[in-house]
Every structure is written in structure tokens, then in C-alpha cells.
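Opening the notebook on a two-chain model.

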2 protein chains.
Amino acid sequence: MRPHPPLDPADWDAFRALGKQMIDDIADHLSGIRDQPVWQPVPEEIAASFETELPTTGRPMEEVYEEFRRTVLPFPRGNIHPRFWGWANGSGVPIAAYGDLLASAINCTVGSGANAALLVEQQVVNWLGQALRWPASGSGLLTSGASMGQVIALATARAHRAPEVRAEGAAATGVQFTVYGSTETHHSVDKAVELLGIGSRFFRRVPVDADHRIDVAALRAALRADREAGLHPLCLVGNAGTVNTGAVDPLAELLSVARQEDLWYHVDGAFGAFAQLLPSRRALLAGLSEADSLVCDLHKWLYLPFDVSCVLTRGEGDLEGAFRSSADYISKTARGPAAHPLSFADRGVEQSRRFRALKVWFALKTYGVDGFADAIAENITQVAHLTKLVEAAPDLELVSRSELNIACFRYVWPGATPDALNRVNRAVLERLQTEGIAMPSHTVLHGAFVLRVAHHNHRTISADFDHLVSQVQRLGAEQVAADGER
Amino acid sequence: MRPHPPLDPADWDAFRALGKQMIDDIADHLSGIRDQPVWQPVPEEIAASFETELPTTGRPMEEVYEEFRRTVLPFPRGNIHPRFWGWANGSGVPIAAYGDLLASAINCTVGSGANAALLVEQQVVNWLGQALRWPASGSGLLTSGASMGQVIALATARAHRAPEVRAEGAAATGVQFTVYGSTETHHSVDKAVELLGIGSRFFRRVPVDADHRIDVAALRAALRADREAGLHPLCLVGNAGTVNTGAVDPLAELLSVARQEDLWYHVDGAFGAFAQLLPSRRALLAGLSEADSLVCDLHKWLYLPFDVSCVLTRGEGDLEGAFRSSADYISKTARGPAAHPLSFADRGVEQSRRFRALKVWFALKTYGVDGFADAIAENITQVAHLTKLVEAAPDLELVSRSELNIACFRYVWPGATPDALNRVNRAVLERLQTEGIAMPSHTVLHGAFVLRVAHHNHRTISADFDHLVSQVQRLGAEQVAADGER
């Protein structure tokens, strides 16, 4: 007869021993991460090992773990390394990984019901509201990411303006909504507008000024033209930190426009919202806390492990207005686990929800919000340091600066053509990355391929940026020579 | 001067010690879970402790962990306990919690890029396809849950039928789509239809037969009527295990209807799809593997910790057709981490994605798919055992049976009125739950409030159901006496 329970460890002592081995290995790996390459390609024979068929019978858990150590651990994305500043990936606070271990072990789902997990999530959402100077009457939901947050915010905007659309749909009502944001708005907003059936063509991408901030006069003109054309402006999206350059739209001015024009005002603060923790950045972000909805990613500039984000709404019940549904199998009882009035499942898309609040709770209690504010301040200081280094270097050009944590620059030389500049800077980036030196990412600004440093990394020291600059200079010179560009 | 890095442990040895303490505590907690109450209310003074303000300064991590042990651990949802069979929550395989620990420690995001995490997710999606007898040409994506899977599947259906809707929206095209499924379809499908702007009124809830399976003649009539009314049938949803009773729609017959009527065929296999692992259930599920899209929840009947689900599509590129987008900051390079052609972010809503594939990889390698098939078979056997006990008891009534893992029943007595039956069975459920005895959930079938056992629990032994039955009989009798019903 088969022992019970079959999918629990047959030997709990062996399970303990393996777990403790993992703890030691994690501590070794994280404390020694600086000595590893930032990134390296997956060798072909290792890549092939991921092409095996579905395993039918099991293997000792220790063997599976050894395979992980050999085939997965050395070939990561790179974002926990102190010289990773690519895309918008955070570095990951180690204590939060323990929060995730506990969350997966006790395995609560946080949809509804009377249990401590629900109270932890409620507390964490309240804390985030306090940190972001959000009104206490507001409400919120932890989500997998800002992309989901944009979907939830826009659906909430639509349900607030036109509650009948939930049942009647967009075609039957015949109303064509429009949404507004700058050309620098993250593509997740396009995706949300598409998903909701509004049509990405009706997301009006308003031009930006030289600092990549939305042109408010152009916005007003677009609104006027759309109203004259019989369209129905629904929502204005302000950027608290654009993904390309970290630009912050004039949020307070956009708030005025939204109020005058009776638009839902949504702020995409995917990474930038947490600059609210710094008194020195509050003037820059003025208006953010008066929005109707706000998204922020805790797995970016709050350094928590993936995935955890938050969508906040200003009006109590706003989210429920868009997402509450009913079914006999989830109806309430008078007492017991189904009696609790709060249901996070009624605030968004998901019914089953991971207990992702626990890692946030652990991290905020362990470091305090001031610990996170200090790390954010340091990131900003370090990007200012990088900016100065680039400006002082005759063979480097600063292409964008930010009051937050993003800088874009490139290698330049006299007489360079635009094509040659792009070619050489591409090659420089690829060598930085494939040689495991550092991981900025790239973007294209006014046709120029640039190295993009987006700094949400609590492990970086200033000397890492000195190293980056000198390596870009060395690689740029080598690449120009190799390409016969000069 | 502040030490670097500020959000890493100041003392790695203390970090190791705490992690090992957690490992020991987890092993104690999970191996001893049978001796705990299934559920207990959160005491008022503990609940109040979750109402404190945002912490500004930090505290020792050991203190935070002690607070977790005191205020969170004893007051869970209940679903890891051997006598929890409520809603559709899985029990959680311990080895997978280690997968989540490692995933959070190494903190890869799995959107795109050349790294081992991407290869693991690709392998896991392929494995799930093999397990569910999905065609090798198909494609897929791990998601947070089936709710997200329904959204992705329906958006994919719409983009496949009418690619212009992504840009033009639903109102401008003027086409009114309709979606079909039985009255027993999970409410997440309504939510998806609403979110997409199709309108939940255009989700046609087709009546069911006595066994809670869709009435195919009524479906054909609904399709005919809608076409005559100028509407555009888009998608047919088949249920592989309804949430109320575990009914399986005639999936092969629905496949024929979908092909004849040129509909996208989506199967909601949130929990039921994994019965495909058992040869004895393949006839019941015939047609499932020929669908255009399928969702399944690994955190239900594959016993993995929340959250992990999968959406599979039949046609290569189907998901990309609905979700691919472009932006300069995520464009590809010729070499390096941004060179890999695969992008999971192009298959769904999310750009940042947790490395949830790792726990699946760990669990499937450790137990093999046969280990999971055995557990599923045992759940089915145990529900059949429960069903027999209920049928043999004169004071119990079996209200629904299933060839899968759900049974609904209630306490009855001679001369009972419908109201009294509902009142007493509510009271029985509340006492089972609040006294920590067992956790079935409830639903309403043909007006009857019933105890609902949905069994996705690898820790249950048959004697647990003997205990459930005897306790329902005891509590039912006590409740009838107390209420003066007899």
C-alpha cells in the first residue's frame, strides 16, 4: 500500500536537510553575487537539457535540486547583480524571498474569507496608500504587475463613467471612448485599451516636449478635436516616470485638465511612484496623490521579488463597481470563513490569488519604509553621479537625464555618421552584456540607439558606474577601430 | 557611512540561521497539520494588530518572523489541512514551496530574453501540453489563474476572428459578438466577456440537463436565433468540470458544434483538465484536446502552491496574434540577453512575470506526472467512497455526484420543509467550519443549500470522509433539535 500523503516528503528529515542546504546556497549566492558575471549565455548542451520529455516517474529531490544548481542558477536574467540596470527590473530584497517561502508553504489564497492572509493584504494596501500619500478613503489591490494594473484602472474608469457597458458591451452602446497619454506612455496602456475593446487607435498619443513630458496644449487640442468629432474622452494617463527616460509629466497640470474635462485621471507610476517617499521629489510628483487611480510596481523600485504591484483607486467601491460579481458557490455565510465582508476577488480579475502580500509585510516591517527611501535616494544620487561622468567625458554624449533613476547616453567620436553611431553603440552594448561586464539595456531616442541605465538596484555602489563608463569608453574605441569607422 | 547594500542582510549568518529556523518550522507545521483545527477565527486582538500604521524604521528580522508565527500562521485559509475540501483550493506540495523560495531568491522575470528561466517555462508549458494530450504545434503561457486564462483565451478568439478589433475597437466595427456556455459556467467567463467590452448580456447561458451538462439542442437553438438577429457568434465554452458539481459537458459534441458553426472552441478545464492524466477518464474528456484553447489551474488539481495556471492554444502564434506589441525599449538585439526570439510577454497581458515555472519544474521532476496521476485517482476514489456513505445514510441526501472530485449533499429528516432544510444545513456547515472539524464549502442547487465537497487535497485519507459524514449526522441532529424543527 502506498504511504500517505503521497506528494508530501516521504522523509521529513531529508526535506529539512535539503531546505537548509538551499538556505546556505542562497546566502552564498546572494552574498557573493558581485563576483559572478552579470549575464552569460546558456551553453548549448545545457539548453538542450530543457528539451526532455515530460517526466513520468519521480527522482530524488536532492538530484532535482542539483540539476537546478547546474542548469538554472548560473544562467539568470541578471537583475540581482549589482551591475544590472536594464529594462525596469528590480534587484530583490533577500528577506522577501523568505516571505515568499512561507507564503508558498502555508499556501493561503487571498480572494475572500476570514483569515490572516486577507488582513495582511488589507494592511499592506493601506501602508502603500500611506507611503504614496493616497487618501485614506481610497482602496486598492495587489496585482501581478503594472500591466494588470492598467487593465484594472481602465476598466474601472469605464465602469465608473458607463456602468452599463459591463452588461451591454461597447458595440451595443455605440459610444466610442478615447484615452489620452503622451507618446512616451508604456505600451501596457495600449495593450489595456486593446483588451478592453476600446481600440488602440483611440488611445491618443500626445506629443512630448524636449524633456519627454506631455505637451499639454497638444493634449487640449486633441480633446477638443475628439469632442467635435463626437467621440467620448474617458481617461487621461499621466506618467510618473516614463520607461524610456524617466520623465515625469506635469501631473498637477494634467489633474486640472482631467477635472475640467471630466476625465478619469490615471497615473502610471509603475516605478516612479515610489519617489514619493523622498521629500525632495514631492514637488516633481505633485498631483499624483489626487489621481483617480494609480499603479505602482513593488518589484521595481521597492526592490521586492517578482511579482507584486498595486493599483490604488480614490473612491471607495470604485474597483467593486467594475469587478464585483456573484455566484452561489462564493456567496457569504453568517459565520465562519465565508462570512468576512471584504473580497479582493471583487476588486479585479483574479479569484484565486497568491499571498503576495506576505513578502511585502516582511520587508516593510524589517527595513521600515525609511530603509526603502534611503535606497531610492541612493539610486538617484548614483544616477546623478553617472550623468556627471558622462558629461565630463569627451567621447560620451548624454542623450537624456532624469530627476529620477534613468539616464541614456552613447559613445561618440568626431565625424561620426548617425548610422555608424548606432552600429558602434549596438556593438558596445552587446559586448557589455555578453562579456558579463554590466547590463544596461537600450532604447531609441530621436533615431539614436542609446545605452539606457534604469537604476532600481539596491546592490550597486558608485564605483560600479565608474567601471561602466570606463568600459564603454574602452569598448567604444575598440569597436570604432575594428569597424574601420575612423 | 551606511553599509552596502542596505537592503541585504547586515549579517548573513543571522540570515542563514533564520532561514533554517523557518525550514524547521515549516516541516513541523506541514507534517503536523492534521493535529491543527482546519480553520479558526482570527481573535479580535490579533485582528487589531493588522491595523497599525506604516512602519517607518525597521525591526530585527527575527522579531518580524515571530510576529508572523503568532499572528498569521495559526489563522490560515485552511486549504493545506487534510479535511479541507472547500471551494476549489488545492493543498500545496511542499517541494514546490522550495521552488518558490529559489525563484524569489534568484528573482528572474520571465518576459523575454536569453536565460534559463525562459527555457524552464518553455519546458513546463511543453510538459503540460504533453500531459493534457495537446498537439505539439500548440503554444501556451503560465498565468496567475484561470480567470486570467479566460481573458487571454477570449481575447485570442476575438483577435483570431477579427484582428482589426485590436486597433479599431468594438464600437467602431459595430459587430456584436456572442459567447456561449452553460448556466453552470464559472463566473470568470462572465467577467472576461465584460472586461473585453463584449457585454455579459451577450454571454449566452445555455440551460443544462439533469446532470448539469449543457443542453446541446438549446445551444443550437440559441446560435440560430442569434444569427437570425444579426449577431456574430464568436466562441463556445465547454466545461471540463463545472465548479458547482464537477459536471463535464459533452466536449466532443461541443467540438462538432463549434466546427460546424465556425466558432472558437474554448475549454475551461480549471481543475478538471488534469483528469486527462487518468486513462479511465479520457473517454469522459474526449474532445478536450481538440479545442482551440484550454485553461487549467495547477494550483488546484495539480496541488501546486498559488499561483500557477496555464492557457494553451492550438495554433502556433495564436497568442501572439492577440498580444504581441512593440516598443523601442524592448526591441531585440543581435546578440546577448535581448536576442532570444521567444517572448512570453507577447503571449498575454503581463510584461514582468514571476518565475512561477520553477516550482512546477521541481514538482514534476520530483514526483513525475505519475505521482500526480496517482493522487488524482485517489481523490476520485475517495469522493466515490463519500458518495456511497451518503447514499447509505438515511439522514443524508446526495444532491449531486460527479465522475470527478465533487459531491454535494445535505442533511435531511422526514417532513422537513425546504426552508428548514436550508436553515439547518447552513448551521451544520457553519459549525463544521467554525469548530475546525472540516471545511466543505457550500452552494445552492435547485434552491437547495448543500454542503459541497471539492476534493483537490493530497493529504486526505478515506477515514476523513467517514469522520465528515458522522459529524454532519451529529450536527444535523443537534441542530434540528435545537431549532425545534422536529
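**Interface**

I started with the area: chain B and chain A bury about 15,200 Å² between them, 61% of it on carbon and sulfur atoms. Buried area here is the accessible area (1.4 Å probe) that two parts lose on being put together, summed over both. Interface size is often quoted that way, as accessible area lost when the parts come together.

Ground rules, before I go on. This is a predicted model, where local features need pLDDT of at least 70 and side-chain atom pairs count only at pLDDT 80 or more, while totals for chains, interfaces and linings use all residues. Residues are numbered from 1 along each chain as its sequence is written, chains are lettered from A and ligands numbered from 1 in the order in which they are written, and side-chain values use heavy atoms, with hydrogens and water left out.

Next I looked up the contacts (heavy atoms within 4.5 Å). I get 172 residues of chain B in contact with 173 residues of chain A.

How many salt bridges are there between chain B and chain A? The count is 20, taking a side-chain nitrogen of Lys or Arg within 4 Å of a carboxyl oxygen of Asp or Glu.

For polar contacts, the rule finds 90 residue pairs across the interface of chain B and chain A, both residues at pLDDT 80 or more. The rule wants N or O atoms within 3.5 Å; within protein, one must be able to donate a hydrogen and the other to accept it, and residues adjacent in sequence count only if both atoms are side-chain atoms.

Which helix gives the largest share of the side of chain B that touches chain A? I find helix α13 (residues 357-392) of chain B, with 16 residues. Helices (H or I, at least four residues) and strands (E, at least two) are DSSP runs, numbered from the N terminus.

By class, I have 85 nonpolar, 52 polar and 35 charged residues on the side of chain B that touches chain A. Ala, Val, Leu, Ile, Met, Phe, Trp, Tyr, Cys and Pro count as nonpolar, Asp, Glu, Lys and Arg as charged, and the others, Gly among them, as polar.

**Symmetry**

I laid chain B on chain A: RMSD 0.0 Å, by a turn of 180 degrees and a shift of 0.0 Å along the axis. That is the relation of a two-fold axis. The same surface serves both copies, as 100% of the contact residues of chain B recur in chain A.

- Phe306(A) and Asp307(A) are joined by a cis peptide bond, omega about -10 degrees. Asp307(A) lies in the loop between α11 (298-301) and β8 (309-313) of chain A.
- Chain B has a cis bond between Phe306(B) and Asp307(B), with omega about -15 degrees.
- Tyr303(A), in the loop between α11 and β8 of chain A, has a positive phi of about 65 degrees. Is Tyr303(A) buried or exposed? Buried, at 0% relative accessibility (buried is under 20% relative accessible area, exposed over 50%, partly exposed in between; 1.4 Å probe, protein chains only).
- Asp262(A) has a positive phi of about 55 degrees and counts as exposed at 56% relative accessibility.

How values were computed: Copies are superposed by least squares on the C-alpha atoms of residues with pLDDT of at least 70 in both.
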